[in-house]
Amino acid sequence: MGFVLIVLLVLVVLVLASCIKIVPQAYAYVMERLGAYQGTWSVGIHFKTPFLDKVAKKVNLKEQVVDFAPQPVITKDNVTMRIDTVVFFQITDPKLFAYGVENPIMAIENLTATTLRNIIGEMELDQTLTSREVINTKMRSSLDIATDPWGIKVNRVELKNIIPPAAIQDAMEKQMKAERERREAILRAEGEKKSTILVAEGQKESVILEAEAEKQSAILRAEAQKEKMIREAEGEAEAILKVQKATADGIRMIREAGADQSVLTIKSLEAFEKAADGKATKIIIPSEIQGIAGLASSLKEIVVDEK
């Protein structure tokens, strides 16, 4: 009897313990009572009615990531390629998530595949390869609307990989190689052009500098020649002044000595004699001096006869 009581007591304790539920952070429990939806438990401690209530579904409220396998799609220009997608979603309504669809992940995968085929079917190959952001935006918008009745919010959709056919890949690689070679040729031509321009500019600057140096040299030579001529002219002027001064002094001394006109005339003849210096072949003498010279000769002859 005592053993039975102990067993019953243990059973009661276990049942009561099972009725205490603690919901962790970022989770929610969907509760049912006698098979019907009873409520949603959030974070904290909760108590359920024994044998009547049960946890129908534990829902993860954190953002989740699902990577789907590559899906075959056909572009508008009839090119078949394979595209795999990554979907980021979060459960916003645990009740709708629990009762909205049987397998939410499979439903999202199938919905992603059909939406991707619809979008890619309206685009050509080149547009598909260069419009990832457009495709991602359209898919996120479509999936978010479609999954709203399931209590799921699609936050982001990314095209993980686009795999075109082998022939298309080979053609793209050849095109890329040709484009790289073209860019290389352009860069080489631009480099040669810049090098030629720099050499021409250097030669131009060299010619300009040489011309400028020659110009400065000519200016300096002209200035030196000018200074030399000025010095020579100043020297000649000074010599002339000295001669004129000496001549004036001589005339003044003669006048002070009381010399008459005859003496002055003789001095003038001596000056002409010095001017000729034995080198002149012809000397023009004024008529007044010629007359005086004749008179002087006559006087000289008279003096000789008297002797």
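Helices (H or I, at least four residues) and strands (E, at least two) are DSSP runs, numbered from the N terminus. By that count, the protein has eight helices and nine strands. This is a predicted model, where local features need pLDDT of at least 70, side-chain atom pairs count only at pLDDT 80 or more, and totals for chains, interfaces and linings use all residues. Residues are numbered from 1 along each chain as its sequence is written, and side-chain values use heavy atoms, with hydrogens and water left out.

**Overall picture**
- Buried residues (under 20% relative accessible area, 1.4 Å probe, protein chains only; exposed is over 50%, partly exposed in between) make up 20% of the 307 residues.
- Contact means heavy atoms within 4.5 Å. Among contacts between residues at least 6 apart in sequence, 62% join residues at least 24 apart.

**The largest nonpolar core**
- A nonpolar core is a set of buried Ala, Val, Leu, Ile, Met, Phe, Trp, Tyr and Cys residues joined through side-chain atoms within 4.5 Å.
- The largest one has 29 residues, and those touching the most other members are Ile 83, Val 87, Ile 108, Leu 116, Ile 135, Met 139 and Leu 159.
- Two or more residues come from each of β8 (80-91), α3 (104-120), α5 (132-147) and β9 (152-163). Helix α3 gives the most, with six residues.
- In soluble globular proteins, nonpolar side chains tend to be buried together.

- Ile 108 contacts Phe 68, Val 87, Phe 89, Thr 147, Trp 150 and Ile 152, leaving aside neighbours within four places in sequence.
- Thr 112 sits in helix α3. Thr 112 counts as buried because its relative accessibility is 2%.
- Not counting residues up to four places away in sequence, Thr 112 touches Phe 68, Thr 85, Val 87, Met 139 and Leu 143.

**Helix α5**
- The buried residues of α5 are Ile 135, Asn 136, Met 139, Leu 143, Asp 144 and Thr 147. They cover an arc of only 150° around the axis, so they lie on the same side of α5. The arc is that of the directions from the helix axis to the C-beta atoms.
- An α-helix has 3.6 residues a turn, so residues three or four places apart point the same way.
- The cover over these buried residues includes β8, α3, α4 (125-130) and β9.
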